[in-house]
Amino acid sequence: MSDATKDDLLQKPISRRDMLKLGAAGGVGLLLGAGGLTGVLAGTGMLKDSAQATAAQTASGTVPFYGKHQAGILTPAQDFICLGAFDVTTTDRAALRTLFQKWTEASAKLAQGQGVGEESGNPVLPPVDTGEAMGLNAAGITITFGVGASLFDGRFGLGSKRPAALVDLPAFGGDELQPEWTGGDIAVQVCANDPQVAFHALRNLARIARGKAVLRWVQDGFQRTRTADPNGATPRNLLGFKDGTNNPDVQKQDVADDIVWAQGADGPSWMDGGTYMIMRRIRMRIEVWDRTHLNEQEATFGRHRDSGAPLGEKDEFAPLDFTKQDDKGKPMIPMNSHVAVANMGGKVKILRRGYSYSSGIDLKTGQLDAGLLFICFNRDPRRQFIPMQQALAAQDKLNEYIVHVGSAIFACLPGAKAGGYIGETLF
């Protein structure tokens, strides 16, 4: 093969058909590499932890996999995430159900810090587990599964079971979505306090899925670690501002029931105890931001950078007062600031559980490809995420410094009991 031919192949975009071929040929590892899984760095995140819950998780090192709800939703955000979306390649409903059963068995073992299965000891066979997490503890790992609207397209006879709340997200102003970061039949969110533990889990789930599903996209992410910040202060995003101060206290059951968990009366009964996850890959124009003066940065967020307090206040958790004026009679917090628009009059709330990401540089521009892997959970995106994002897309001063390049919505399945499996209520 000539050098010119090699160059042409490297430059050629990978089509969806090529991705399916790669998966069928065992090329999942190549796809994982293309997803930039080596870009895990120390940094910032989104969710303010419950100190009590964090202590409990750290003490045991494990988070129970089985339960009424899936872990990884209300669980205080771990330090790292490895989020992937799969395209299902089988059209056999029984095979899809078997896949969820095998994923459940493997995930329950991984949550305990074990390998994904019993090794045969036969030296002429590949090991059952890939091995890179041998000797590591569970690192608080959680594995959370969700299904996209495309899974209800008729291949598996599930069309009548699609929840009305699992809508196709509308086009939001300013979106520049890229197909390689959008959609997917099944999402798997892996979070852990160690990046290798998180990667190992997603890699092995992809391995188990071989012949039935292939990865469509993968994004890893990070926030500041507990080593860097033992006090667990509100994390900062890559623009340097605290992010997540106003997250609802979902450790209170009534708050979680109101904001996060789908109830039986909301839609199909199989979603009772589930929730809806939104993923938005938001690239930040970091180089532009870094040339912006502090006053403009703070007016963009509506908060002081050092303390995280609303403008005009000193305490991070001071109530937002949009009537307060400066010495020129202008609102202290600009009404087009991020915090003002996202507030939605205090009537619309979501649970944010995002992470920062860094995927090297954009080879076309030489600028950093970094930003926010925005993830939120809500009971009904038609009443929560969508109207909030529509307002942000139209008015948010922060839009000058960010662009949404990826998007997906998934119905996160209810939890499973020991002996059952994730997705059991759907099938």
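1. Contact here means heavy atoms within 4.5 Å. The model is a predicted one. With that cut-off, the buried residues of α11 pack against β5 (275-284), α10 (338-343), β8 (368-378) and β9 (402-412).

2. Which residues of α11 are buried? Helix α11 covers residues 385-395, and its buried residues are Phe385, Ile386, Met388, Gln389, Ala391, Leu392 and Ala393.

3. For the chain as a whole, the secondary structure comes to 11 helices and 9 strands. The chain has 427 residues, and 51% of them count as buried. Taking contacts between residues at least 6 apart in sequence, 79% join residues at least 24 apart.

4. Two packed helices are described by the angle between their axes and the distance between the axes. For helix α5 (residues 93-111) and helix α6 (residues 195-208), the angle is about 155° and the axes are 10 Å apart. Angles over 145 degrees count as roughly antiparallel, and α5 and α6 are therefore roughly antiparallel to each other. Their crossing is right-handed.

5. On the α5 side of this contact are Leu99, Lys102, Trp103, Ala106, Ser107 and Leu110, which meet His200, Ala201, Leu205 and Ile208 in α6. By class, the residues of the contact of α5 with α6 are 7 nonpolar, 2 polar and 1 charged.

6. The loop between α5 and β2 contains Gln112. Gln112 is partly exposed, at a relative accessible area of 45%. Its contacts, leaving aside neighbours within four places in sequence, are with Thr62 and Ala138. Gln112 and Thr62 are 50 residues apart along the chain, yet their C-alpha atoms are separated by 6.0 Å.

7. Ala139 also belongs to the loop between α5 and β2 (142-147). Its phi is near 55°, a positive value in a residue other than glycine. Is Ala139 buried or exposed? Ala139 counts as buried, because its relative accessibility is 11% and the cut-off for buried is under 20%.

8. Met344 is another residue other than glycine with a positive phi, here near 55°. Met344 sits in the loop between α10 and β6 (351-352). With a relative accessible area of 24%, Met344 is partly exposed.

9. Strand β7 (residues 355-361) pairs with β8 in the antiparallel sense, over 5 bridges.

10. Asp380 has a relative accessible area of 9% and is buried. Not counting residues up to four places away in sequence, Asp380 touches Ala165 and Tyr276. Where does Asp380 stand relative to Ala164? The two residues are 216 apart in sequence and 9.2 Å apart in space, C-alpha to C-alpha.

Definitions and conventions
Residues numbered from 1 in each chain as written. Predicted model: local features only at pLDDT ≥ 70, side-chain atom pairs only at ≥ 80, totals over all residues. Heavy atoms only, no water. Buried < 20%, exposed > 50% of the residue type's maximum accessible area, 1.4 Å probe, protein only. Helix = DSSP H or I, 4+ residues; strand = E, 2+ residues; numbered from the N terminus. Axes fitted to C-alpha atoms, helices over the stretch in contact; angles between N-to-C directions. Parallel < 35°, antiparallel > 145°, perpendicular 65-115°, else oblique. Left-handed = near helix turned anticlockwise from the far one by under 90°. Nonpolar A, V, L, I, M, F, W, Y, C, P; charged D, E, K, R; others polar. Pairing = 2+ DSSP bridges.
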